[in-house]
Amino acid sequence: MASIWMQLNGVDAIIADKNSDDQSVKGNSGWKQYAIELPVSGNVQSVAFGCKMIGTGKAWFGDLEVLIDGVPVQE
C-alpha cells in the first residue's frame, strides 16, 4: 500500500493531519494524481508532508507540490 500524508503543526500540538490511505494504491497500477487538502489557519507554524509505503514492492512518487490557496509554495 502506497499513500501520501500531510500534517499541520501549531506551537505545541498537531492541528490537523490527513493521509490518502483510503485511496491507497495496491498492486500494479498506472500513474494517477492524488491530493490532500487541509484548511490552513493563522495558528499553523509548519506543514509536514511525505510519502509512505507499507509492505513489499516498489512505489514511485513524483512531481510533489504544496499549494496554499492554489499558489505553489516556493523554497
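Reply: Happy to! Helices (H or I, at least four residues) and strands (E, at least two) are DSSP runs, numbered from the N terminus. With that in place, β1, β3 and β4 (67-68) each supply at least two residues of the lining of the largest pocket. This is a predicted model, where local features need pLDDT of at least 70, side-chain atom pairs count only at pLDDT 80 or more, and totals for chains, interfaces and linings use all residues. Residues are numbered from 1 along each chain as its sequence is written, and side-chain values use heavy atoms, with hydrogens and water left out.

Me: Which strand gives the most to that lining?

Reply: That is β1, with six residues in the lining of the largest pocket.

Me: And what kinds of residues line the largest pocket?

Reply: The lining divides into 25 nonpolar, 14 polar and seven charged residues. Here Ala, Val, Leu, Ile, Met, Phe, Trp, Tyr, Cys and Pro count as nonpolar, Asp, Glu, Lys and Arg as charged, and the others, Gly among them, as polar.

Me: OK, new topic. In what order do the strands of the open sheet come?

Reply: The order is β2-β1-β3, three strands with antiparallel pairing. Two strands pair if DSSP finds at least two bridges between them. The edge strands are β2 and β3, each pairing on one side only.

Me: How many bridges join β1 to β3?

Reply: Eight bridges link these antiparallel strands.

Me: Where is Asp12? Is it buried or exposed?

Reply: Asp12 is found in the loop between β1 and β2. It counts as exposed because its relative accessibility is 76%. The cut-offs are under 20% relative accessible area for buried, over 50% for exposed, and partly exposed in between (1.4 Å probe, protein chains only).

Me: What about Ser20, buried or exposed?

Reply: Ser20 is buried, with a relative accessible area of 2%. Ser20 lies in the loop between β2 (14-19) and β3 (46-53).

Me: Which residues does Ser20 touch?

Reply: Not counting residues up to four places away in sequence, Ser20 touches Ser3, Ile4 and Ile36. Contact means heavy atoms within 4.5 Å.
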